Amino acid sequence: MTVDLQLSINGERYPVMVDTRETLLDTLRERLDLTGSKKGCDHGQCGACTVLVDGRRVKSCLTLTVTVDDRDITTVEGLARDGALHPLQKAFIEHDAFQCGYCTPGQLCSAAGMLAEAADGWPSVVTPGLGAGTRPAALDEEEIRERMSGNLCRCGAYPNIVAAIEQVAR
């Protein structure tokens, strides 16, 4: 069965007809030629496909396209604005936070979502002093590593990824 949808991706509207079983990752890559998001494991375990839906991190390989009709989707292609790189993209370059680059789009989208979650006061498992009146967590190395733990890097660029995110978090 197919359905007609209106997808809002990176500030643009895309009318698209999709199979109701189709994942957002496949729609982005195969139908809309937005190939920044990568298909790593196709099981939601590596994070290479991470995008933002309404500002929150989702693994697009596990998200059915029909569930994001008329929601605001941001892919790695949409992080840069008006020809200027997003601060995270700049920091990843400055800190050499990628080697092969395969996980980088998912890392960048996840980091952008994670920074927003932290700014909104969302705690993680390592956030000290959880409870009423908890202030936003200081994004130190431990906090960043915990919050980014759903994104794997096969090249092992973690120290540089954490340093880049720490720079932007300050």
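Trainee: Which residues of α5 are buried?

Mentor: In this predicted model, I161, V162, A164 and I165 of α5 are buried.

Trainee: What makes these buried residues of α5 line one face of the helix?

Mentor: Viewed down the axis of α5, the buried residues fall within an arc of 160°, so they line one face of the helix. Those buried residues pack against α2, α3 and α4.

Trainee: How do you know what α5 should span, and what is the distance between its end C-alpha atoms?

Mentor: The expected span takes 1.5 Å times one less than the number of residues. For the 12 residues of α5 this gives 16 Å, and the end C-alpha atoms lie 16 Å apart, so the two values agree.

Trainee: Which residues have the most contacts inside the largest nonpolar core?

Mentor: They are L88, F92, M114, I144, I161 and I165, in a core of 24 residues. Two or more residues of this core come from each of α2 (87–94), α3 (104–119) and α5 (158–169). The greatest contribution is that of α3, with 7 residues.

Trainee: Why is such a set called a nonpolar core?

Mentor: The name requires buried residues of nonpolar types, such as Leu, Ile, Met and Phe, joined through side-chain atoms within 4.5 Å. In soluble globular proteins, nonpolar side chains tend to be buried together.

Trainee: With which residues is I144 in contact, leaving aside its neighbours within four places in sequence?

Mentor: I144 is in contact with M114, L139, V162, I165 and E166. There is also a second, separate core, of 13 residues, which includes V16, L28, L32 and V51.

Trainee: What makes β3 and β4 a pair of strands?

Mentor: Pairing requires at least two bridges, and 4 bridges join β3 (residues 50–53) to β4 (residues 56–59). The two strands run antiparallel, and V53 stands opposite R56 in β4. The hairpin has 2 residues between the strands, and D54 takes a positive phi near 55°.

Trainee: Why is the contact of R57 with E117 called a salt bridge?

Mentor: The limit is 4 Å between the side-chain nitrogen and the carboxyl oxygen. The closest N and O atoms of R57 and E117 are 2.7 Å apart, and the pair forms a salt bridge. R57 lies in strand β4 and E117 in helix α3, so this pair ties together parts that are 60 residues apart in sequence.

Trainee: Is R57 buried, exposed or partly exposed, and which of these is E117?

Mentor: Buried means under 20% and exposed over 50%, with partly exposed in between. R57, at 25% relative accessibility, is therefore partly exposed. E117, with a relative accessible area of 8%, is therefore buried.

Trainee: How does the salt bridge of R21 and D19 stand against these limits?

Mentor: The side chains of R21 and D19 meet at 2.8 Å, N to O. R21 counts as exposed because its relative accessibility is 64%, whereas D19 is buried because its relative accessible area is 18%.

Trainee: What separates E143 and R147 in helix α4?

Mentor: They are 4 residues apart in α4 (residues 141–147), which means a separation of about one helical turn. E143 and R147 form a salt bridge, their closest N and O atoms being 2.8 Å apart. E143 is buried, at 2% relative accessible area, and R147 counts as buried at 8% relative accessibility.

Technical notes: Residues are numbered from 1 along each chain as its sequence is written. This is a predicted model: local features need pLDDT of at least 70, side-chain atom pairs count only at pLDDT 80 or more; totals for chains, interfaces and linings use all residues. Side-chain values use heavy atoms; hydrogens and water are left out. Buried means under 20% relative accessible area, exposed over 50%, partly exposed in between (1.4 Å probe, protein chains only). Contact means heavy atoms within 4.5 Å. The arc is that of the directions from the helix axis to the C-beta atoms.
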